[in-house]
Amino acid sequence: MDEQALDPLDAYSAVVTRVVREVAPSVASLTVLGERGPLGSGSGVVIDVGILVTNAHVAGRGRRVVASFSDGSRADAAVAGVDRLSDLAVLRTGDALPAPAVLGDADTLQVGQLVVAIGNPMGLGGSVTAGVVSGLGRSLPSRSGTHTSIIEDVIQTDAALNPGNSGGALVDATGRVVGVNTAVAGIGLGLAVPVNATTRRILDALLRDGHVRRSFLGVAAAPSPLPPDLAAKVGRAHGIRLAHVEPGSPGAVAGLRDGDLVVTVGGQPVADAQDLQRRLFAHVPGDPLAITTYRNGAMVDVIAHPASFRSDAD
């Protein structure tokens, strides 16, 4: 039956049911093993022949991962690469896997759009929640022991994440994976790493080299409107607001502060966390990087020296 011809609630249910039917077989329950036994568990998504993606915080310390699927099949996989700044990890296996999920483009998402979070915490058919995109372009400070990183450009959704859903799929209404679920942001809120051109570059580097090298500034940011007078002066409406500057980071040493409204990085405009990510990908670590911010009604220029960050380092 045509979903558009149904009652709105029935149509909503039909979309969610179809998406789950198409994508859930490609979502695995992961058991992460170290030298002395199990280290943890989570979910993962088949994205290519012999390749799964999950979270760095799920699989990053593992030596071997056992992937279990809803059809009863299992596969032994090795951790092929880890990127802690994006909280992504890729797994490689020579065993047969279910058909890959289709990847989409999170850059086309809009606030209010329907999304479905699919995990497989127990390997018994999966865990499903549905909701809408409630925020885009955020950055998330993440701590693991003494290690601190900034997960950049995350998707915020009210599709709540259940225990074990980390590393699972965030899927749009067409059945395309637009994010990798990463964290619970609060009651009824979840966060996901977007699938977009930047993410694909990260995954390619992880499969090729096992890690990603990039410049590291040490800030968490979210899109923010520019004041009207500043917007008129620079000819655009948005910059990025620094929600957190990690103490002792290159950004902090340069003089960046929580609450700064960043207008340009390296002389180029920035309007969201992905813009900042792109600038840091292209920047040579250690070289000076000019950053212009708006603070207390005035433009402030600072020179930062982003550090080299190897993404598989603890």
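This is a predicted model: local features need pLDDT of at least 70, side-chain atom pairs count only at pLDDT 80 or more; totals for chains, interfaces and linings use all residues.
1. Strands here are DSSP runs of type E, at least two residues long, and helices are runs of H or I, at least four residues long; both are numbered from the N terminus.

2. Is Asn165 buried or exposed? Its relative accessible area is 0%, and buried means under 20%, so Asn165 is buried. Which residues does Asn165 contact, once neighbours within four places in sequence are left aside? They are Ser43, Gly119, Asn120, Pro121, Ser127 and Asn181.

3. Now the chain as a whole. The protein chain holds 6 helices and 20 strands. It has 314 residues, and 54% of them count as buried. Take the contacts in the chain with a separation of 6 or more. Of these, 61% are between residues 24 or more positions apart.

4. Next, the nonpolar cores. The largest one has 32 residues. Val23 and Ile118 are the residues with the most contacts inside this core. Helix α1 (residues 8–23) supplies the largest share of the core, 5 residues.

5. Look closely at Ile118. Residues up to four places away in sequence are not counted here. Ile118 then touches Val19, Val20, Val23, Ala24 and Val27, among others. Its list also includes Ser127, Val128, Gly168, Ala169, Val171 and Asn181. Two of these names have already come up: Ser127 and Asn181 are also in contact with Asn165.

6. Helix α1 also carries Val15. Val15 has a relative accessible area of 12%, and is therefore buried. Val15 and Thr174 are 159 residues apart along the chain, yet 8.4 Å separates their C-alpha atoms.

7. Helix α3 (residues 197–209) packs with helix α6 (residues 273–282) at an angle of about 40°. Their axes are 10 Å apart. Why is the pair called oblique? Angles under 35 degrees count as roughly parallel and 65 to 115 as roughly perpendicular, so at about 40° α3 and α6 are oblique to each other. The crossing of α3 and α6 is left-handed.

8. Which residues make this helix contact? From α3 come Thr198, Arg201 and Ile202. They meet Gln274, Gln277, Arg278 and Phe281 in α6. Sorted by class, the contact has 2 nonpolar, 3 polar and 2 charged residues.

9. Ile202 lies in α3, and its relative accessibility of 2% makes it count as buried. Arg201 is also in helix α3, but Arg201 is partly exposed, with a relative accessible area of 46%. Arg201 and Phe281 are 80 residues apart along the chain, with 10.0 Å between their C-alpha atoms.

10. What does Ile202 touch, not counting residues up to four places away in sequence? Gln277 and Phe281 are on the list, and both belong to the α6 side of the helix contact. Asp83, Ser86, Leu88, Val212 and Arg214 are touched by Ile202 as well. Of these, Val212 is 10 residues from Ile202 along the chain, and the C-alpha atoms of the two are separated by 6.7 Å.

11. Last, the backbone. Most residues other than glycine have a negative phi. Asp87 has a phi near 60°, a positive value in a residue other than glycine. Asp87 sits in the loop between β5 (74–83) and β6 (88–92). The other is Asn296, with a positive phi near 55°. Asn296 is in the loop between β18 (289–295) and β19 (298–304).

12. Are these two residues buried or exposed? Asp87 is buried, with a relative accessible area of 4%. Asn296 has 77% relative accessibility, and exposed means over 50%, so Asn296 counts as exposed.

Methods. Residues are numbered from 1 along each chain as its sequence is written. Side-chain values use heavy atoms; hydrogens and water are left out. A nonpolar core is a set of buried Ala, Val, Leu, Ile, Met, Phe, Trp, Tyr and Cys residues joined through side-chain atoms within 4.5 Å. Buried means under 20% relative accessible area, exposed over 50%, partly exposed in between (1.4 Å probe, protein chains only). Contact means heavy atoms within 4.5 Å. Axes are lines fitted to C-alpha atoms, for helices over the stretch in contact, and angles run from 0 to 180 degrees between N-to-C directions. Angles under 35 degrees count as roughly parallel, over 145 as roughly antiparallel, 65 to 115 as roughly perpendicular and the rest as oblique. A crossing is left-handed if the near helix is turned anticlockwise from the far one by less than a right angle, and right-handed if clockwise. Ala, Val, Leu, Ile, Met, Phe, Trp, Tyr, Cys and Pro count as nonpolar, Asp, Glu, Lys and Arg as charged, and the others, Gly among them, as polar.
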